[in-house]
Amino acid sequence: MIKAKVKNILEELPPGVDLVAAVKGRDSAEVEEALNAGVEIIGENYLKEARRNYQILGSRVRWHFIGHLQTNKVRKAVKIFDMIETMDSLRLAETLNFECARIKKKMPVLIEINSAAEKGKYGILPEEAISFIKKVKNLSFLQLSGLMTMGPFSENLEEVRPYLRSTRVLFGQIKERYGDELKNWHYLSMGMSATYKVAIEEGANIVRVGTAIFGSRPA
Ligand SMILES: *Cc1c(COP(=O)(O)O)cnc(C)c1O
């Protein structure tokens with residue numbers, strides 16, 4: 001029961017922690033059921049699915065992009081989304097800024113951090129985060145709003161925790177250093193179904209939950 005699962009999760013979340021329902025691969029009826037149970041933010045990995053869901057559900061919810069965004073999809077994406085959680089390269093940042101300027105929309109963005117420096121994973125390396133901030137902080141149609149990380153996959157939560165913690169530390173360092181300029185620096189998006197409780201302990205205020213709401217994904 002999607003409804004019961006959403007209610008349970010919402011009851012568990014401490015005040016100030018936002019739930020993003022990660023809906024990849026779900027049909028619109030399932031997404032709608034989650035909304036009816038109290039979900040206020042939808043997380044989309046794919047623009048095509050997002051456009052389909054947006055046509056049905058429109059702006060009665062908020063839309064976060066949580067996948068890897070290709071630059072050739074940015075023009076369509078910026079029309080729909082209220083936040084891009086996965087800004088993972090300078091080229092993407094510049095394209096987002098350009099397309100948002102075209103439609104005069106200021107876009108909240110999170111910088112995706114490849115917190116465990118995994119090969120083949122998207123995201124800015126932790127040690128490059130400060131120099132990345134310097135390059136993107138003056139892109140005037142982006143509102144730099146915080147950090148997002150996936151963390152490594154492991155059955156053992158204690159192996160994931162250090163990367164969530166180090167991302168929180170980085171979030172704080174950036175706030176200290178650039179807080180005066182970055183007025184919207186509020187969000188730390190960490191944690192999925194298996195890890196969101198640990199992520200909250202480590203300071204997350206956005207959690208992105210899929211299977212714990214919708215069940216395991218169809219193969
Ligand atoms: C799928 C996905 C989630 C949710 O993962 P679950 O394990 O299904 O909860 C969270 N974040 C991102 C970026 C995802 O792609």
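Analyst: On a 1 Å grid over the protein atoms alone, a cavity is a set of points where a 1.4 Å probe fits but cannot get out, and lining residues have an atom within 4 Å of a point. This is a predicted model, in which local features need pLDDT of at least 70 and side-chain atom pairs count only at pLDDT 80 or more, while totals for chains, interfaces and linings use all residues. Residues are numbered from 1 along each chain as its sequence is written, and side-chain values use heavy atoms, without hydrogens and water.

User: How many cavities of 30 Å³ or more does the structure hold?

Analyst: Grid points are joined across faces, edges and corners, and a volume is the space filled by probe spheres set on the points. With that cut-off, the structure holds one cavity.

User: What is the volume of the largest cavity?

Analyst: Its lining includes E112, Y122 and M150. The volume of the largest cavity is about 40 Å³.

User: Which residues in α2 do I2, K3 and V6 in α1 meet?

Analyst: Helices here are DSSP runs (H or I, at least four residues), numbered from the N terminus, and contact means heavy atoms within 4.5 Å. The axes, lines fitted to C-alpha atoms over the stretch in contact, with angles from 0 to 180 degrees between N-to-C directions, come within 8 Å and cross at roughly 40° for α1 (residues 2-12) and α2 (residues 28-36). Across this contact, I2, K3 and V6 in α1 meet E30, E33 and A34.

Key
Helices (H or I, at least four residues) and strands (E, at least two) are DSSP runs, numbered from the N terminus. On a 1 Å grid over the protein atoms alone, a cavity is a set of points where a 1.4 Å probe fits but cannot get out, and a pocket is an open set with protein on both sides within 12 Å along at least five of seven lines; lining residues have an atom within 4 Å of a point.
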